[in-house]
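Visitor: I am new to this structure and would like to learn how to read it. Please show it to me.

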Amino acid sequence: MTGARRITVGITYIALCLLSVLFAAPFVWMIATSLKVDRAVFTYPPEWIPRKPVQVSYAGKMRDLYTARLNGRTVKVAWLHETPEGVRAAVLDPEMRARKEIVVPSQSLRQEKRFFLRWGNYPRAIKSFPFLVYLRNSLIICIPVVLGTLISCTLAAYGFARLTWPGRDALFIFVLSTLMIPYIVTLLPMFLMFRAFGWIGTFLPLIAPAFFGNAFDIFLLRQFFRTLPAELSDAARIDGCNELSILWRIIVPLSRPALATVALMTFIWAWLDFMGPLVYLNDESMYTLALGLSAFLGRHAADWSGLMAAAAVVVMPIIILFFFAQRTFIKGIALTGMKG
Amino acid sequence: MKSRRLITGLLFVSPWIVGFLIFTFYPIAASFYYSLCDYRVLSPPRFVGLANYSMLARDQYFWRSLLNTAFMFIELPIAVALGIGVAMLLNQAVKGLPFFRTVFYLPAIVPTVAVSMLWLWIFNPDLGLANAGLERLGLPRLGWLVDPTTSKPAFILMDLWGVGGGMIIYLAALQGVPQHLHEAAALDGAGPLQRVRHVTLPAISPVIFFMVVTGMIGLFQYFTQAWIMTNPRGGPEHSTLFYALYLFQNAFEYFKMGYACAMGWILFVLSLIATVLVFRTSARWVYYEEGR
């Protein structure tokens, strides 16, 4: 390794480490807050490690434990109450028995805290909103959306990638151009249309469109189908297979990685969708996790540890999915970048 | 024979064609008709000509929301530069690539609602991490989301946390840049910066183009974060009343469907103009491989 190369590598690592600290910090902060007791949540400046104040019993009441500098010695004291002259505190001996009461300036006191993870925030958060109902609703929507997208986009992508017919390429460019239509432009007439169908307040407006394909996934699958050798289908055609059975018997088995990518990305997209459920669902018992979480936020505005625990619970399935399917993710993304 | 092939082809793409007619073409056409109507949902639409459009021209909140959304476009070049920058760092054949890639990518797949909740807490003016960080650096504290001058930059900062989504696409593109191009440029005496400018960036320019166009469309409909995070909706002094948010409020809170459809159509035309502009300039900066 040359000197210049070594310096480049060094700078790269320093930059990467600094950036990853910045990117990871919000996550760590979310988890840390979700495990804190309320008093630790409202501590400023904020602390990264969840700790709770140590307490001692004094005269039948629980008091916070502090350390104080007294005549050059460090002693433990129990905070009693504030007075105009300073803090009234009880000096404790090493066995935590009270010796005498003193008044000290509050700056000379340092609170004793110990490491404590309050796991109870999680069951509390989950119990305070119908988590399982929302989870079920999210799955009721996501699973048919994934199936519908796979079926419709596979068919359309096959038509664009492996069949030759007049007007095909022009139509494909037209399909791609629909990617540039903002969702919100079509939202209102779609709402009115689904209202005329009597579908508002059901899952149907969120599920049905998936069965009619979408430009992005058609593009992605077409790119993949085009990489498979044409001889495969030609041989099957000579053997008398029709196009549908070529697609089902030859193309689909060879395209599992691409189909897995589409399934995964569609699942995540449907899982994250907020505006669709917000517009089409009006009964709280039909909310999805994303929508339910925002309703939870509305009701628990200052309960930060509960909010962070609820957020962590909603984030977790996605992160677990990512770790199990990391290679599928990365492959699929390489596929989107493919040219042609 | 030719017509049989046409029929087979059309049959395969027919789900998309039917879907396009029902879920794209009809809504856009209907939206145009409704935009010429007074339509309060509960009573049938009544044709009023261009009244909605002339009312919009005089609606100060319409202009406000347009400017607010325009402000967010600052995010686009920053996100592109940051995404490419991080991707280039990761493309240096570093050890621990999967670890770094995961750290940068994960925020991009966190549900927007959860992201919004987390950053609401980070931007908390009294107890939040953002102000604690500023104080640690010896800088003054900010109001973030409760101050009209910092509310939009706060949204931009939060969105940049999700830059990993773009980064991972740039990284895939960078890994596809042929090594022989770099070597040829190095032999011709090009330094590292020159190689970035004349080899790497042109080679990944189709991907940058794709990201700019989709990023633009995304910013035009900026909604969820503003819906969840700013209270009252639209933020302090309407500083986060974004276009899509105001459209949504007109439709589903004030039940002015015709008015909201007019806003939708204006957005449609604006996004069309913006896309055409980017396409026009693309001839100058997007390079496709020879022989395509």
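Visitor: What radius of gyration does chain A have, against that of a compact globule of 340 residues?

Guide: The radius of gyration is taken over C-alpha atoms, and the globule rule is 2.2 Å times the number of residues to the power 0.38. Chain A has 30 Å, whereas a compact globule of 340 residues would have a value near 20 Å. Its C-alpha trace spans about 100 × 70 × 35 Å along the principal axes. This is a predicted model, in which local features need pLDDT of at least 70 and side-chain atom pairs count only at pLDDT 80 or more, while totals for chains, interfaces and linings use all residues. Residues are numbered from 1 along each chain as its sequence is written, and chains are lettered from A and ligands numbered from 1 in the order in which they are written.

Visitor: Which domains does the assignment give for chain A?

Guide: Domain bounds come from an automatic or database domain assignment. Here that assignment gives domain 1 (3-41), domain 2 (55-111) and domain 3 (123-336) of chain A. The centres of domain 1 and domain 2 of chain A, taken over C-alpha atoms, are 38 Å apart.

Visitor: How many helices and strands are there in chain A?

Guide: Helices (H or I, at least four residues) and strands (E, at least two) are DSSP runs, numbered from the N terminus. Chain A has 15 helices and eight strands; chain B has 14 helices and two strands.

Visitor: What share of the residues in chain A is buried?

Guide: A residue is buried if 20 or more other C-beta atoms, placed from the backbone, lie within 10 Å of its own; it is exposed if 12 or fewer do, and partly exposed in between. In chain A, 37% of the 340 residues are buried. For chain B, 40% of the 292 residues are.

Visitor: How many residues of chain B are in contact with chain A?

Guide: Two residues are in contact if their C-beta atoms, placed from the backbone, lie within 7 Å. By that rule, 69 residues of chain B touch 69 residues of chain A. Helix α1 (residues 2-34) of chain B gives the most to this side of chain B, with 20 residues. The side comprises 53 nonpolar, 13 polar and three charged residues. Ala, Val, Leu, Ile, Met, Phe, Trp, Tyr, Cys and Pro count as nonpolar, Asp, Glu, Lys and Arg as charged, and the others, Gly among them, as polar.

Visitor: Where is confidence lowest in chain B, and where is it highest?

Guide: pLDDT is the predictor's confidence in each residue, from 0 to 100. It is lowest in helix α10 (residues 179-187) of chain B, at a mean of 84, and highest in helix α3 (residues 60-72) of chain B, at 96. For the complex, the predictor gives an ipTM of 0.86 and a pTM of 0.88.
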